[in-house]
Number of protein chains: 2
Amino acid sequence: MSVVPTPAAAVSAPAPCSPQDVRRVACIGAGVIGGGWAAHFLARGYDVTAWDPAPDAAARLRRLIAAAWPALEQLGLAKGASRDRLTVAAALEEAVADAQFVQESAPEKLDLKRDLLARLDAATPAGTVIASSTSGYPMTDMQTQAADPGRLVVGHPFNPPYLIPLVEVVGGELTAPAAVDWASRFYDAAGKSVITMDREVPGFIANRLQEALWREALHMVANGEATVAEIDASITEGPGLRWAVMGPMLTFALAGGEGGMAHMLDHFGPSLKSPWTRLDAPELDRALYDAVVAGCEDAAGGRSIADLVAERDRGVIDVLRATGRLPGSAEGAAR
Amino acid sequence: MSVVPTPAAAVSAPAPCSPQDVRRVACIGAGVIGGGWAAHFLARGYDVTAWDPAPDAAARLRRLIAAAWPALEQLGLAKGASRDRLTVAAALEEAVADAQFVQESAPEKLDLKRDLLARLDAATPAGTVIASSTSGYPMTDMQTQAADPGRLVVGHPFNPPYLIPLVEVVGGELTAPAAVDWASRFYDAAGKSVITMDREVPGFIANRLQEALWREALHMVANGEATVAEIDASITEGPGLRWAVMGPMLTFALAGGEGGMAHMLDHFGPSLKSPWTRLDAPELDRALYDAVVAGCEDAAGGRSIADLVAERDRGVIDVLRATGRLPGSAEGAAR
C-alpha cells in the first residue's frame, strides 16, 4: 500500500478579529445569492460593502434587498440594522479593503471562482476569512491560485440566505482548520444554523440530497410521468410538510411504528431493490443498518418513539396552520 | 411493429353510494398506516371497522388512535366524530360486510397483497371501491387474483395519514376508470389532498422523489460522508423549510432570480453533469428544458417572480415562527 502525502494546510495569519466582533462584511457578487447574503447581513446589523461587475448590479441589489426587507423586519432586525449601511463599491479592491469577513457569491464557473478567489485573497486584509457560496465545487479545486489558500473556506447557503438558516462550512486541502472554525463561529454569531463538515463531498450534504430529488423530478417530467405542478404538489402536500419539522431519517424512523428505524428497515429494506427511483440503492448490509439505527437513536436523544410522534404531530399541525392549510373545522367534510 | 392488445377494464357494479354519502369505512391492517387511516376517518366523522390478524392489533390500534387524537382535536373534529365509532372486527369478512369504502394497509409483500385483495373483493358488497395503501406496487401487479379487479385502486397516503394531506390515486390495467374517479372524489370529501395519476409509475410520484433523497442519504451514511443527525439537520434547517411552502420546481425557479426557471436552467444546467448525487441526470435537451419552464409558468399562474418570492418569504417566515425557529428579535445576534 502506498502512502499518500497529505498536503500541509497553509499557515494563515490569525483572523484580525474574533467572530463575535465582526462589523464589516463584504459581499462579492450581487445576484440572488449574493444579494440575499447582503440582505441577511444588513438585517443582522452589519455594515455591508457589495461589489458585482454587472452594469445594473447596484440597482438590482437594492431591488432585491427592498423586496426582502419586509420579511426581515417581520423576523426582527438587529439593533442598528439599516439598509443605509449598504455601500456598493465601484471596484472589488475597494469592497474588501477593510472587510472583516468576505462572502463570495459569483456564478458557478470553476475558472471564474479560481481567479476571483485569488484576486480577493490579494486585496483582503491578511487573516480575514473569505468564504465561497459555491453550490458544489470543493474548495480544494477553487483555492489553487490564491497566495494564501489557508483562509479560503466554503460557506454554502440556501436560497434565500436571509431566511433559510442552513450554512454548510467546509475547507479544502489547503485550508487552515482555524479558518473553518472561525467561519463556523462567525456564521453562528450572524444567526445562521451551521453544519461544519470534516471532509469535502461534492455538493456538500443538503445539495446531494435535494439534487437527487431534483434529478428524479426532471426524469419524471422528461418521461411524462408527472407534471411540474404534480411534482410540486406531491411535496408540499406530502413529505415537505414533515421535512420542515423533522428530517428524512427520523421521519422514516416513525414509519416503523413502535419499533422505530430498526423495524422500518426490516419492513421496507427489501423495497430498496424496487425501481422506486432511478438512483441505485446501497447494499443494506449490517454496518449500514447499524449506523442508521444508532444514528436515529442518538438523534432521538432519549425521546421515545411516542415522544417523537407527538413532537412531529405538533410541528406538522403548526406548519399546516401557519400555511393556511388546516382542513375544515367542526363542520368538516365528512358529512 | 406489433400491436399490443390493451386489457379491457373490468366492468364493476356501480358504487353503492356517492363519494359524499359514505358513512362506513373499513380499515384492513392496523399498523402505523392502517391505524393512521382509522384515526383520520374517525376524526372526519365516519364509522370505522378495522381488522388486523395480529393478536395485539386491537390494543395497538387503540393506543395509536389515542396518541393521534389530541392532534386531531386541535385540527378540528367533524361533527359527531368519536373514537367510540371504531369497531375492531374479529374477522376480515365481518369488517367489510357493510363497508362503503375499504382501505387496505397490509405489509408490503406482493403475494400477501394479491391474496388479501382477492379476499376483500370476495367479502365486500358489490361495487364498493377498495383502495390499497401500497407504497410502491402497481395495482396491475396486485389485482391479478380478484374476481372483480375493476374496483381495486391505489390510494397511497403519507405518514401519518391523519395529518399529511396527500393521497396519490391510480388504477391498474384492469381497474374501471369510474372506480379511480370515485376514489378521488371520496378522498377529497374525506379531507385529503388528491393527486389522480393517469398512468402507473412504480412508487407513484412523491415516493419516487423522497426515495431518491433517502437512497442518497443512505449512501452518505454508508460512506461516512454525513451522519444521520447532519442529514436531518441539512433538511430541516435548509430545503425542508421551503418544501412545506413551495415545491422543488417552483423553489428552484426562484433561484433563477428575475429570470425564473429559464435562467436557473441556463445557470445551473451544466452542473447536472457534476457528481452532486449518485443519481444520473437526464439529458437537459430542448424538450425537457421547455417542459420545465412551461410547467413553472403554468404553476405560477400569472404570479410574477416577485410575487412568488414574496409568497415564499411569507410562508417560510410563518413556518419558522410556527416551529419556534425565529432567530433573535431586536436584540439580535450580530451585536
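Guide: You are looking at a predicted model, in which local features need pLDDT of at least 70 and side-chain atom pairs count only at pLDDT 80 or more, while totals for chains, interfaces and linings use all residues. Residues are numbered from 1 along each chain as its sequence is written, chains are lettered from A and ligands numbered from 1 in the order in which they are written, and side-chain values use heavy atoms, leaving out hydrogens and water.

Back to our residue: Glu93(B) sits in helix α3 of chain B, which covers residues 92-96. Helices here are DSSP runs of H or I with at least four residues, strands are runs of E with at least two, and both are numbered from the N terminus. Setting aside residues up to four places away in sequence, Glu93(B) touches Arg119(B) and Ala123(B), where contact means heavy atoms within 4.5 Å. For a sense of distance, take Gly45(B): 48 residues separate it from Glu93(B) along the chain, and their C-alpha atoms are 23 Å apart.

Is Glu216(B) buried or exposed? Glu216(B) is buried, at a relative accessible area of 0%. Helix α7 of chain B holds this residue. Its side chain reaches across to chain A, making a 2.9 Å polar contact with the side chain of Arg208(A). A polar contact is a pair of N or O atoms within 3.5 Å; within protein, one must be able to donate a hydrogen and the other to accept it, and residues adjacent in sequence count only if both atoms are side-chain atoms. With residues up to four places away in sequence left out, Glu216(B) touches residues of both chains, including Leu209(A), Ala212(A) and Leu279(A) from chain A, and Trp276(B) and Leu279(B) from chain B.

Helix α7 of chain B (206-222) also takes us to a cavity: together with α11 (260-268) of chain A, each supplies at least two residues to the lining of the largest cavity. A cavity is a set of points on a 1 Å grid over the protein atoms alone where a 1.4 Å probe fits but cannot get out, and lining residues have an atom within 4 Å of a point. How many cavities of 30 Å³ or more does the structure hold? The answer is one. The biggest share comes from α11(A), with three residues. By type, the lining has five nonpolar residues, one polar and one charged; here Ala, Val, Leu, Ile, Met, Phe, Trp, Tyr, Cys and Pro are nonpolar, Asp, Glu, Lys and Arg are charged, and the others, Gly among them, are polar.

In chain A, have a look at Thr134(A), in the loop between β5 (130-132) and α5 (139-142). Thr134(A) is buried, with a relative accessible area of 0%, and its side chain is joined to that of Glu108(A) by a polar contact of 3.0 Å. Among the residues that Thr134(A) touches, beyond those up to four places away in sequence, are Lys113(A), His156(A) and Phe204(A).

Phe204(A) has a backbone feature to check: a positive phi of about 60°, although it is not a glycine. Phe204(A) lies in the loop between β8 (193-196) and α7 (206-222) of chain A and is buried at 1% relative accessibility. In chain B, Phe204(B) likewise has a positive phi of about 60° and is buried, at 1%.

Pro160(A) is in the loop between β6 (152-156) and β7 (166-171) of chain A.

Technical notes
1 Å grid on protein atoms, 1.4 Å probe; cavity = no way out; pocket = protein on both sides within 12 Å on 5 of 7 lines; lining within 4 Å. Points joined across faces, edges and corners; volume = space filled by probe spheres on them. Buried < 20%, exposed > 50% of the residue type's maximum accessible area, 1.4 Å probe, protein only.
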